[in-house]
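I am opening a notebook page on this protein and its ligand, and I want to write down each thing I look up in the order in which I look for it.

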Amino acid sequence: MNFSLNEEQKLIQEAARDFAQTELLPEVIERDDAQRFPKEEIKKLGELGFLGMMVDPKYGGSGLDTLSYVIAMEEISKIDASISVVMSVNNSLVCWGLEKFGTEAQKEKYLTKLSTGEHIGAFCLSEPEAGSDATSQKTTAIDMGDHYIVNGTKNWITNGGTASTYIVIAQTDKDKKHKGINALIIEKGTPGFEIGPKENKLGIRGSDTHSLIFNDVKVPKENRIGENGFGFKFAMKTLAGGRIGIAAQALGIASGAYELALKYAKERKAFGTEICNHQAIAFKLADMHTEIQAARLLVYQAAIDKDTDRNYDLSGAMAKLYASKVAMDTTVEAVQIHGGNGFVKDYHVERLMRDAKITQIYEGTSEIQKIVISRSILKKN
Ligand code: CAA
């Protein structure tokens, strides 16, 4: 297997790395502290073509493959995972689903603005009582002929306050269970649609996470994505790709923490020598390096599966499960290598450790990934 990047992918990697170093690093600690959404930085990310990376250029996208997307995700996540989650949701959960399953009119109206970053998108599946158990949707979309009336609450929605376009999953026919669920495009400002309070989070604090409240929101039928009852499958198919983006985010958080720990271990002295010369530290670095490379191979494999039209449910779930564990383990060890300095904000590793945790939770917890993986291998064997 050839895992080397082509010239175009190397250029994307370099562009993402430069952008992260020059535009994102300077204020990342302040954004995290203040829970400030990176509005200007996201605008620039859109100008660089990083918000609609896989979208056809005829809809304003960059027309790149999934591998290019995960490479860029890794570089941005090394510095600021609050920004890469906006990038991931917009690219994989919103643009990809709209391009793949939307009507031509929906693509023209919404996708072009989303893929350039003029608008930001949100994907609204989770509810107060439907997180992992995603088929238990309580939000309703009652069929009124030419429109739906939507009622309910969504929780922990990334880009909740800053998005303009929301893909909302809701139950139309309860008797049909998951086959009675629809995916609807709802615009910010639609009467009855309210943005709830912003969450005060452990990590990815620069990102904007809200609950959303729908009170008799009228949504035209032409805003439904796919056939009547396709909403749950739409969510599952979209999340299968989204998980590759989050796996890449986890990989980036891990590599960012590793790079900082390596640098620190080569500079910091204790007992008369640089601490990397102590086996206790050198072995930690060896474990980190090995695990990160293993995670990278899983992430690339999942991206290549998606690019070559192979089933990526299994490889995407494995990549997310493993990369998010590596992100957690690596960031904890990076803090340990930094000692007291690791516990203060200036050295970045404590933030990366806090940011790592969510990669084991959103877009399907690690336990959900194990359901997907075990079902897949048991079906095959
Ligand atoms: N592709 C296509 N269809 C799929 C699918 C996939 N990957 N996975 C499941 N389905 C289909 C099944 O085939 C089935 O359809 P049929 O009855 O027609 O065969 C239907 O969906 C229901 O599937 P299951 O019976 O397997 O459903 P389940 O109740 O056992 O749940 C689950 C399956 C995998 C656990 C699912 O509920 C799940 O993924 N839960 C986690 C939800 C999640 O990831 N939430 C994250 C929120 S989004 C987020 O975090 C975004 C953010 O802002 C960052």
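**Entry 1: the kind of model.** Before anything else I noted that this is a predicted model, and I keep that in mind for every value on this page.

**Entry 2: the residues around the ligand.** I began by asking which residues come nearest to the ligand. There are 23 residues around it, and of these S132, T158, H178, R243 and R375 come nearest. When I sorted the shell by class, I found nine nonpolar, seven polar and seven charged residues.

**Entry 3: polar atoms facing the ligand.** Next I looked up distances between side chains and the ligand, starting with R375, which has a polar side-chain atom 2.6 Å from an oxygen atom of the ligand. For K233, I found that an N or O atom of the side chain is 3.2 Å from a ligand oxygen atom. I then looked up how much of the ligand is covered: taken alone it exposes 1,100 Å², and the protein buries 76% of that.

**Entry 4: where the shell comes from.** Which elements give two or more residues to the shell around the ligand? I found that they are α5 (81-101), α7 (231-267) and α11 (366-380), and that α7 supplies the largest share, with six residues. Looking at domains instead, I noted that domain 2 (122-231) and domain 3 (232-378) each give at least three residues to the shell.

**Entry 5: the annotated spans.** I turned to UniProt, where an unreviewed entry lists "domain: Acyl-CoA dehydrogenase/oxidase N-terminal" at residues 6-118. In the model this span is 73% helix and 0% strand, and its end C-alpha atoms lie 30 Å apart. The unreviewed entry also lists "domain: Acyl-CoA oxidase/dehydrogenase middle" at residues 122-217. Here I found 0% helix and 50% strand, with 17 Å between the end C-alpha atoms.

**Entry 6: one glutamate.** I located E350 in helix α10, which covers residues 349-358.

Terms used:
Residues are numbered from 1 along each chain as its sequence is written. This is a predicted model: local features need pLDDT of at least 70, side-chain atom pairs count only at pLDDT 80 or more; totals for chains, interfaces and linings use all residues. Side-chain values use heavy atoms; hydrogens and water are left out. A residue is near a molecule or strand if one of its heavy atoms lies within 4 Å of it. A polar contact is a pair of N or O atoms within 3.5 Å; within protein, one must be able to donate a hydrogen and the other to accept it, and residues adjacent in sequence count only if both atoms are side-chain atoms. Accessible areas come from the Shrake-Rupley method with a 1.4 Å probe; for residues, only the protein chains shown count as cover. Helices (H or I, at least four residues) and strands (E, at least two) are DSSP runs, numbered from the N terminus. Ala, Val, Leu, Ile, Met, Phe, Trp, Tyr, Cys and Pro count as nonpolar, Asp, Glu, Lys and Arg as charged, and the others, Gly among them, as polar. Domain bounds come from an automatic or database domain assignment. UniProt positions are given in the numbering used here, feature names are shortened, and annotations may be inferred rather than shown by experiment.
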